[in-house]
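Welcome to this guided tour. Open the structure in your viewer, keep the selection tool handy, and follow along stop by stop.

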Amino acid sequence: MAREAIGQHKVSVKLACLAFQISETCYRYQPKLSKENALIADWLIRLTHNQRNWGFGLCYLYLRNVKGFGWNHKRVYRIYRELELNLRMPLKVPVEINDCWSMDFMHDQLSDGRSFRLFNVIDDFNREGLTIEVDFSLPAIRVKRALNQIIEWRGKPKQIRCDNGPEYISGLLSTWAEKRSIDLLFIQPGNPQQNAYIEGYNRTVKYDWLSHYLFTEIEDVQEYATRWLWTYNHERPNMAFGGITPIQKLALAA
C-alpha cells in the first residue's frame, strides 16, 4: 500500500511509511531469491544425511563456522523445520545397486497453462536417475509400464520407496510388486523427509532446468528431460559422494 501511495500520489517515502506505520527499512527491504533458500535446504538435507546424529545446532554451526555462510539462525531453523528434519527418521543406507529405488511425482505447467506431471525414479545407492516420464496424465498403469521398462535393462530392485499417492497405493501396483517380489515402502503421510533421496533429486530437477524454461509442448519437456538425465548421471558431480557422478559411483562399486 505504501508503494501504491508513492507511485500514484507522488508522496515521499518517509510520509508513506508514517501513514502506514512501517519503517523505511521495511519498505526498502528486498526479499532474497528463493534459490538461496533452496541452497540452504540442499545443505541441510546433505548434512543430515551424511551426519545422521547431527541436530540443528551442529548443522547451523557447521554452515556458519566451517563453510562461512552468513545465513540468519532463524532463517536456517525455519527451513530446517519446513523440511521436517526435526522429525526425521533415519533412511536405510543402500549397500548395492538395486537395493532400493525411490519414486515421486512433480508438477509444472506449459506456456498455455496446461498442467503436466513428471514421474521420477532413482536408485538410492548411487542417486542415478533411472527415468523421467512426462505427460499430462500418469496413472498407475503408466507407472507400472515405466518401472517394467527400467527393470528390462537394470534388473529389479528389492524395494521401492514412495509416498501414499493414489498411483502407488492402487491395487494394480501392489499386485505388480507382489508378483515381482518387490517391497513397496510407503513413507508416513506428511513426512516427505522420509523420502529424502528423491526429494533432493526433485529439487535438482527443478533448479537445474525445469524452473528455467517455459515449454510450449509436452514433447519438448520430455526431450529436454531425457537429455538432462544423461548429463546428470554422467557429468554432474554429486556432493553426497565427494563430488563424483552417479555413473562413477556405480563404476567404483563394480
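## Start at a buried serine

Select Ser 170: with a relative accessibility of 16%, Ser 170 counts as buried (buried means under 20% relative accessible area, exposed over 50% and partly exposed in between, with a 1.4 Å probe and protein chains only). Ser 170 sits in the loop between β4 (159–162) and α8 (171–179); helices (H or I, at least four residues) and strands (E, at least two) are DSSP runs, numbered from the N terminus. Now show its side chain, which reaches the backbone oxygen of Glu 167 at 3.2 Å.

Before moving on, please note that this is a predicted model, in which local features need pLDDT of at least 70 and side-chain atom pairs count only at pLDDT 80 or more, while totals for chains, interfaces and linings use all residues. Residues are numbered from 1 along each chain as its sequence is written, and side-chain values use heavy atoms, with hydrogens and water left out.

## A loop asparagine

Next, select Asn 195, in the loop between β5 (183–186) and α9. Asn 195 is buried, at 2% relative accessible area.

## The largest pocket

Now select α4 (34–50) and α9 (196–210), each of which supplies at least two residues of the lining of the largest pocket. That pocket has a volume of about 600 Å³. Of its 23 lining residues, the closest to the centre are Asp 42, Arg 46, Gly 200, Thr 204 and Arg 236. A pocket is found on a 1 Å grid over the protein atoms alone, as an open set of points where a 1.4 Å probe fits, with protein on both sides within 12 Å along at least five of seven lines; lining residues have an atom within 4 Å of a point. Grid points are joined across faces, edges and corners, and the volume is the space filled by probe spheres set on the points.

Colour the lining by residue type and you get 11 nonpolar, five polar and seven charged residues. Here Ala, Val, Leu, Ile, Met, Phe, Trp, Tyr, Cys and Pro count as nonpolar, Asp, Glu, Lys and Arg as charged, and the others, Gly among them, as polar.

## The second largest pocket

Which element gives the most? The answer is α9, with seven residues. The space in this pocket is about 400 Å³. Its lining has 24 residues, and those nearest the centre are Ala 41, Leu 83, Glu 199, Arg 203 and Lys 206. By type, the lining divides into 12 nonpolar, six polar and six charged residues.

## Aromatic pairs

Show the rings next: the whole structure has 18 aromatic pairs. Rings of Phe, Tyr and Trp (its six-membered ring) pair if their centres lie within 6.5 Å; planes under 30 degrees apart count as stacked, over 60 as edge-to-face and the rest as tilted.

Select Trp 43 and Tyr 62, a tilted pair with 6.5 Å from centre to centre and 50 degrees between the planes. Trp 43 is in helix α4 and Tyr 62 in helix α5 (residues 56–66), 19 residues apart. Trp 43 is buried at 13% relative accessible area, whereas Tyr 62 is partly exposed at 22%.

Then go to Trp 209 and Trp 228, also a tilted pair, at 6.3 Å centre to centre and 40 degrees between the planes. Trp 209 lies in helix α9 and Trp 228 in helix α10 (residues 218–235), so this pair ties together parts 19 residues apart in sequence. Both are buried, Trp 209 at 0% and Trp 228 at 8%. To see the cluster linked by ring pairs, select Tyr 201, Trp 209, Tyr 213, Phe 215, Tyr 224, Trp 228 and Tyr 232.

Notes
Polar contact = N/O pair within 3.5 Å; in protein donor to acceptor, adjacent residues only side chain to side chain.
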